[in-house]
Amino acid sequence: MDAVRLIVASRRALAGSEGGPRIMKEAWQAYALAQAIGSRLAVSGPPELRGEALGLTELAGRGCGVLDTPPIDVADLRAAQLTDLGDAGKALVDLGTLLTELGMALVAVASAADDEGTYWQCMEAIDAADESRDRVREMLRRLAARDGEIRERYRTAG
């Protein structure tokens, strides 16, 4: 399945989640998906994105690592369903939106947490979402710069 469809599915699942445990499970899924997208971009994406994509992979991995690993059947793991990046720019825009929504959902969970463990898991996961989103923004900036250079070359060559 392509990245955009998986991101849309993650956004829907996150939006439909009620209660801290379900939101945290969806957060873990979102980080695993961001990690898979970052890995795919690092290996086969545009060359100018590869360093930032590796950083995204590491940060998303940190997001998974700070949250308790939920019991998920491999068939339900969205990251395992990633077969194609599709349009890297569109995937990154949508991933940035997912990470923003994820951060907001985790703030709500942290605010309502009854125990310190959940609170601190959320705080660490929020940091990972913010830093991951920063990497996504930088990749989008680099794509825009590359596209601008390509347009300029065609304009001056013609």
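At what angle do the axes of helix H2 (residues 20-44) and helix H4 (residues 88-112) cross? They cross at roughly 155 degrees and come within 10 Å. That makes H2 roughly antiparallel to H4 (an angle over 145 degrees).

A few words on the background: this is a predicted model, where local features need pLDDT of at least 70 and side-chain atom pairs count only at pLDDT 80 or more, while totals for chains, interfaces and linings use all residues. Residues are numbered from 1 along each chain as its sequence is written, and side-chain values use heavy atoms, with hydrogens and water left out.

Helices here are DSSP runs (H or I, at least four residues), numbered from the N terminus. Axes are lines fitted to C-alpha atoms over the stretch in contact, with angles from 0 to 180 degrees between N-to-C directions.

| Pair | Axes within | Crossing angle |
|---|---|---|
| H2 and H4 | 10 Å | roughly 155 degrees |
| H1 (residues 3-15) and H2 | 9 Å | roughly 165 degrees |

In H1, Ala-3, Leu-6, Ile-7, Ser-10, Ala-13 and Leu-14 meet Ile-23, Glu-26, Leu-33 and Ile-37 of H2, contact meaning heavy atoms within 4.5 Å. These residues divide into eight nonpolar, one polar and one charged.

Back to H4: the crossing of H2 and H4 is left-handed. Among the residues making this contact are Gly-20, Ile-23 and Tyr-31 of H2, and Ala-88, Leu-102 and Val-109 of H4.

How values were computed: Helix = DSSP H or I, 4+ residues; strand = E, 2+ residues; numbered from the N terminus. Parallel < 35°, antiparallel > 145°, perpendicular 65-115°, else oblique. Left-handed = near helix turned anticlockwise from the far one by under 90°. Nonpolar A, V, L, I, M, F, W, Y, C, P; charged D, E, K, R; others polar.
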